[in-house]
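These are my notebook entries on a structure that I had not examined before. I set down what I looked up, entry by entry.

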Amino acid sequence: MSLLSFESICVLLLSQVLLVWGIQEIHVDQETISKISAAGQLMQCSASLDVLFLLDGSYSIGKGSFERSKHFASKLCDALDIHPDRVRVGLIQFSSTPHLEFPLDSFLTKQEVKERIKRIEFRGGSTETGRALKYILRKGFPGGRNSSVPEVLIIISDGKAQGSTVMPAMQVKDRHIRVFAVGIKFPRWEELHMLASEPTEQHVLFAGDADDAANGLYSTLTGSVCSTTAPGCRVESHPCERSTLETVKELAGNYVCWKGSKQPNAVRASLCPFYRWKRVLIKHPSRCFRTVCPDPCDSQPCQHGGTCVPEGLGKYHCLCPVRYGGDSHCAPKVSLECNVDLLFLVDSSSAVTLEGFLRYKAFLKRFLQGVMGQDSPMNVGVAQYDNNVRIPIEVGQHKDAVSLMKRIDALNYNGGGTLTGRALQYIAQHGFRSTPAFADMQDDIPRVVVLLTDSKSQDPVAEAAKYVRDQDLYLIAVGSSFMKAELTEVTGNPKQTIVYSDPQDLFNRIPELQRRICSVDNPGGCQAQSLDLAFVADASSGVGMENFLRLRAFIRSSCSHFSINRDVTQIALVVYGSRAHTVFALDTHTHSSAVPQAIDQVPFLGGSGSAGSALLHVYGDVMTVQKGARPGVNKVVVLLTSGGGMGDAAAPAQQLRHNGILVFVVVIGDAQRDMLLRVAGSPNYLVHISSYEDLQYYQDLIIERVCEEAKSPVNLCKPNPCMNQGVCVLGPASYRCECHGWEGPHCESRVLRGDSPRSPVLPPHSRVQWTPRALQHFSRAPWHTRRHMDHGH
């Protein structure tokens, strides 16, 4: 009896382990598994599509597995762009009888659908899968669009149906309904294969791994229903095995037993077979089709020995060695080459606490160690305040880093009140005592005050801060995020306000503070930077006419910061409501004077907005060589939105980034930060503004970020300048297009068999040498004359 108990325990433990490991195994390395999972988390099917879930709620499933089925259905919804005009979702629970939980036209958003799935209750009963399929044959897709759009049925079951399902399953598929069969618990795979559409390998999934199943669903629908995969991603076929846990009868041996005899009152000994029941895995070899995207670390983006750490599809961060980390790719930390007088004003009040004051001292030391070289032209001083103000380190008193560090170590914490306004007033009058060497010479060295505080001021700061600025002092404020409003009141400009989310994040702001200090003498836009820039403005009903006019004014003002012509900056404008519309393309306006009038004529569109559709429009119809985009020039898209209609934007934004086009997201109003980060790709490219009235104050910050991007290295093959499926091949400071059936520098002319080309074009593998002026004119000339135009320059 003890042996049987032990065996029962083993079977129970085996069952639990199998839920995770044994039911489905894809035979690839762990790196590929991670790539499949990462792609599955971020994929979105955005198309006109009716999806009906058929959930097994029978007793063979049980309540626990039914809850897992609900969770799986909810996770699959994350891969669907749920919207009345795109993907609609409904759900039927079946056991002894089918029960419609909600039709396809009940809910308008993904969140509403997921909330409703969460509230579904387990019904129990027998597994009448055939009856549920007949219900669909009679009723169709409740709330659907009557076969005017593709219909997808997702059956989630263990496959242990009572009665035959062969005929109704065949009839459902004959109506051109695409059927996915998803196994739950310990599925009977042969029955699920019979339910699924052909080819069954692509339509049978396992609910135990939601990310893998979402990837499988998307991979199967890609091309036929959903949009194509992002560039660089591809659908691959991998060998896999699916297992079923079955109970089998096994001969244990022969044992002596007693049998009756013909003679009365007699028995005889004999050998009898002894059987036992055993649970075993029955394996079903198959193929699993999954989308795999390139690992962002494959290109080794981290320099100088930095370690690349992937963070999902297309995202990573670099762990940099000491003295590297000047940017996100571990560039060398550089000294401040700008000539400034710099005074740190440090809060040492009781509200900051001793711990906070010591943190500020550590921050000062780390900052100065990174920026003060042997010949640094910068003069540094430190003041501290509470109820009173002291300047223990005068500006320019120490020219070497070692003596300055010792003086910082000697600073004492005082406690007391937080009188920031009084401290600012005092610094404006006494902080910079240096005088020019000659009375008739003007002291033109910029003077910068960096305020370090983590506590609300107990006296007014607005008037004092204005007085500081009126003395031609440049104010920068650094503090925690909850202080942002007061810090912006001090600086008068969000661009000069630096906030951190937690104590450790303070030290991550050192590069940003370096840039702010050295931008004192360079407040303008990027007048001399070559850049292809597209503004994408939300003109949907969620924004409204009044706010749209503010957006329009913001874009008009922003364009004045750029030198617009064919050799420097090109600007395009796209607006979107129910559809995306190009107001003007990159090569439409060749001079700044024509742009303001064109922007003023942009109409308000209204309708429900889709940021994803707008970004796809930019990718296919704006940032292309045919529409004026220049190879060898950085490309930036600035998306201005209220935050509505962003659910479908992550995949198109990633597609743009993969092709070397930065997506900068500016959101006005309330929106989900996680969703916005997926679209922006990084917090560095996301600006969240509370109201449209405040938009104007963020213009300098946004333009500065755009101009920084204009200085970054360029991949000449991103986006692909070759037309008609030509392949771009990089060379040293050049690229060439490999053409198939086409010819010309960019594969623009079809090969005429038997005839010589109609115009003098370069051979199919001709190399295009990159020079900004030549390429910019090259992209606009008629294709058959471009070779001569290049020689003319």
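Entry 1, disulfides. I began with the term itself: a disulfide is counted where a pair of cysteine sulfur atoms lies within 2.5 Å. On that basis I found five disulfides in the structure, which is a predicted model.

The protein chain averages 81, and 83% of the residues score at least 70. Over residues 1-21 the pLDDT is below 50, and this stretch has 13 contacts in the model beyond near neighbours in sequence.

I looked up the disulfide of Cys 240 and Cys 288, whose sulfur atoms are 2.2 Å apart. Cys 240 belongs to strand β8 (residues 234-260) and Cys 288 to strand β9 (residues 267-292), so that the pair links distant parts of the chain, 48 residues apart. The link is right-handed, with 85° about the S-S bond. Are these cysteines buried or exposed? Cys 240 counts as buried because its relative accessibility is 2%, and Cys 288 is buried as well, at 0%.

I then turned to Cys 257 and Cys 272, which a disulfide joins with an S to S distance of 1.6 Å. Here too the partners sit in strand β8 and strand β9, 15 residues apart. I recorded 55° about the S-S bond and a right-handed link. Cys 257 has 15% relative accessibility and therefore counts as buried.

With -70° about the S-S bond, the link is left-handed. Cys 717 lies in the loop between α21 (699-710) and β24 (727-731), whereas Cys 728 lies in β24, so the pair ties together parts eleven residues apart in sequence. I found both Cys 717 and Cys 728 buried.

Which order do the six strands of the open sheet take? I read it as β14-β13-β12-β15-β16-β17, with mixed pairing. β14 (389-393) and β17 (497-500) are the edge strands, each pairing on one side only. From one strand to the next the twist averages 20°. Strand β13 (residues 379-385) runs antiparallel to β14, and three bridges join them. The bridge partner of Tyr 385 is Val 389 in β14.

Terms used. Residues numbered from 1 in each chain as written. Predicted model: local features only at pLDDT ≥ 70, side-chain atom pairs only at ≥ 80, totals over all residues. Heavy atoms only, no water. Pairing = 2+ DSSP bridges. Helix = DSSP H or I, 4+ residues; strand = E, 2+ residues; numbered from the N terminus. Axes fitted to C-alpha atoms, helices over the stretch in contact; angles between N-to-C directions. pLDDT = per-residue confidence, 0-100. Contact = heavy atoms within 4.5 Å. Buried < 20%, exposed > 50% of the residue type's maximum accessible area, 1.4 Å probe, protein only.
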